[in-house]
Amino acid sequence: MTSGKPLSEREKAFIEQWADEKYPSVIARHLGIYYAEDNGGSRSAQTVRNYIRDLKAREQKKQRQARKPKTAS
């Protein structure tokens with residue numbers, strides 16, 4: 001069950017830093033320890049997993065837009 005608390009900016013930065021190096025469950029545990037005042041002492045692995053998925057989707061979208069040639073009007 002999730003707490004329903006949105007991720008803080010500090011938590012988002014932590015996830016972005018470690019997304020490719022740690023499992024979501026490990027990141028969630030560390031968020032609960034290091035940022036307890038932001039999340040009440042716990043953060044679900046599913047929340048971390050969803051945020052990582054959203055980050056990767058945004059990256060892919062940026063890459064696709066960068067590859068598209070601009071059309072002359």
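User: Which elements, helices or strands, does the protein chain have, and how many?

Analyst: In this predicted model, the protein chain has four helices and zero strands.

User: What makes the protein chain more spread out than a compact globule?

Analyst: The comparison is with the globule rule, which gives 11 Å for 73 residues. The radius of gyration of the protein chain is 16 Å, well over that value, so the chain is more spread out than a compact globule. Along its principal axes, the C-alpha trace spans about 55 × 25 × 20 Å. Of the 73 residues, 29% count as buried.

User: Why is Ile 15 called buried?

Analyst: A residue is called buried when its relative accessible area is under 20%. Ile 15 has 0% relative accessibility, and therefore it counts as buried. This residue is found in helix 1.

User: Which residues does Ile 15 touch, not counting residues up to four places away in sequence?

Analyst: Ile 15 touches Leu 7, Ile 27, Leu 31, Val 48, Tyr 51 and Ile 52. As for Tyr 34, it is 19 residues from Ile 15 in sequence and 12 Å from it in space, C-alpha to C-alpha.

User: How do you know that helix 2 and helix 4 are roughly perpendicular?

Analyst: The term covers angles of 65 to 115 degrees. The axes of helix 2 and helix 4, the latter formed by residues 45-67, cross at roughly 115° and come within 8 Å. Helix 2 and helix 4 are therefore roughly perpendicular to each other. Their crossing is right-handed.

User: Which residues of helix 2 and helix 4 meet?

Analyst: From helix 2, the residues are Pro 24, Ser 25, Ile 27, Ala 28 and Leu 31. From helix 4, they are Ala 45, Val 48, Arg 49 and Ile 52. By class, this contact of helix 2 with helix 4 divides into seven nonpolar residues, one polar and one charged.

User: What makes helix 1 roughly perpendicular to helix 4?

Analyst: Helix 1 and helix 4 pack at an angle of about 70°, with their axes 10 Å apart. The range for the term is 65 to 115 degrees, and so helix 1 is roughly perpendicular to helix 4. The crossing of these two helices is right-handed.

User: Where do helix 1 and helix 4 meet, and how many residues of each class take part?

Analyst: Lys 12, Ile 15 and Glu 16 in helix 1 meet Val 48, Tyr 51, Ile 52 and Leu 55 in helix 4. The contact of helix 1 with helix 4 has five nonpolar residues, no polar ones and two charged ones.

User: At what angle do helix 1 and helix 2 pack, and how far apart are their axes?

Analyst: Helix 1, residues 9-18, and helix 2, residues 24-34, pack at an angle of about 145°, and their axes are 11 Å apart. The crossing is right-handed.

User: Which residues of helix 2 are buried, and what covers them?

Analyst: The buried residues of helix 2 are Pro 24, Ile 27, Ala 28, His 30, Leu 31 and Gly 32. Their cover includes helix 1, helix 3 (36-39) and helix 4.

User: Why is Ala 57 called partly exposed?

Analyst: Buried means under 20% and exposed means over 50%, with partly exposed in between. Ala 57 has 39% relative accessibility, and so it counts as partly exposed. Ala 57 lies in helix 4. Ala 57 and Ser 8 are 49 residues apart in sequence and 20 Å apart in space, C-alpha to C-alpha.

How values were computed. Residues numbered from 1 in each chain as written. Predicted model: local features only at pLDDT ≥ 70, side-chain atom pairs only at ≥ 80, totals over all residues. Heavy atoms only, no water. Axes fitted to C-alpha atoms, helices over the stretch in contact; angles between N-to-C directions. Left-handed = near helix turned anticlockwise from the far one by under 90°. Parallel < 35°, antiparallel > 145°, perpendicular 65-115°, else oblique. Contact = heavy atoms within 4.5 Å. Nonpolar A, V, L, I, M, F, W, Y, C, P; charged D, E, K, R; others polar. Rg over C-alpha atoms; globule rule 2.2 N^0.38 Å. Buried < 20%, exposed > 50% of the residue type's maximum accessible area, 1.4 Å probe, protein only.
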